Amino acid sequence: GYVDAKREVVVESGKNTSIEDTALAPYETYTTHIDADQGGTATNEAGTVEVVFPQGALPEDLDVSIVRLEKEGYPVPLMKGQEFVDSVQFSEEHIDFNEEVTLRFSNKWGFSAGTKLPFAFGSHSDDDPSPEFPYYDPGMGQVTDDGEWIELNLHHFSCPSLVLPSCGPGS
């Protein structure tokens, strides 16, 4: 299957319109089984994304598949002035955790250690808590002390996204 994408457009009665093309990202077939009682670490096939589940964080055992999204396959329209940085989609969405889990992106952008990066969950499904808004449940991630990872603490699975305001032309 593919990650859902959502586009909205206003059309006047009796008029035609078109929307821009969007690329759909396929779900990754690589999965990691996580035992709810034991916890563990799930990764994508490339090892560039990790989710660390403490013991008891999951309500039940789960096979986790993680798709690291590129700008071309990002399922949420970017608002004017926003810059896509990174995002992931999980094979299971809308799972509330019993306690925080840690999502780790490899720092392919080279942000400095300690850099704080805002994130929010991209709303691309009518099943999202606020489907009328492009983003919900904002938080703050941070680059690890060794500069290798960007870590986000999550209370649920959806589509956590690092989308930043533009710094101007050429940024």
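## Salt bridges, ring pairs and a charged patch

Glu-151 counts as partly exposed because its relative accessibility is 29%, where buried means under 20% relative accessible area, exposed over 50%, and partly exposed in between (1.4 Å probe, protein chains only). This is a predicted model, in which local features need pLDDT of at least 70, side-chain atom pairs count only at pLDDT 80 or more, and totals for chains, interfaces and linings use all residues. Residues are numbered from 1 along each chain as its sequence is written, and side-chain values use heavy atoms, with hydrogens and water left out.

**Salt bridges**

- The structure has four salt bridges, each being a side-chain nitrogen of Lys or Arg within 4 Å of a carboxyl oxygen of Asp or Glu.
- Glu-151 forms one of them with Arg-104, with 2.7 Å between the closest N and O atoms.
- This pair links distant parts of the chain, as Glu-151 is in strand 10 and Arg-104 in strand 7, 47 residues apart; strands (E, at least two residues) are DSSP runs numbered from the N terminus.
- Arg-104 is buried, with a relative accessible area of 17%.
- Glu-50 also forms a salt bridge with Arg-104, at 3.0 Å between the closest N and O atoms.
- Glu-50 lies in strand 3 and Arg-104 in strand 7, so this pair ties together parts 54 residues apart in sequence.
- Asp-86 and Arg-68 meet in another salt bridge (2.5 Å, N to O), and both residues are buried.

**Aromatic pairs**

- There are four aromatic pairs in the whole structure; rings of Phe, Tyr and Trp (its six-membered ring) pair if their centres lie within 6.5 Å, and planes under 30 degrees apart count as stacked, over 60 as edge-to-face and the rest as tilted.
- The pair of Phe-53 and Phe-97 is edge-to-face, because the ring centres are 6.1 Å apart and the planes stand at 80°.
- Phe-53 lies in strand 3 (residues 49-53) and Phe-97 in strand 7 (residues 96-106), so the pair joins parts 44 residues apart in sequence.
- Phe-97 also forms an edge-to-face pair with Phe-157, at 5.0 Å centre to centre and 85° between the planes.
- Phe-157 is buried, at 1% relative accessibility.
- Ring pairs link Phe-53, Phe-90, Phe-97 and Phe-157 into a cluster.

**Exposed loop residue**

- Asp-37 is in the loop between strand 1 (32-34) and strand 2 (40-43).
- Asp-37 counts as exposed because its relative accessibility is 63%.

Technical notes
Helix = DSSP H or I, 4+ residues; strand = E, 2+ residues; numbered from the N terminus.
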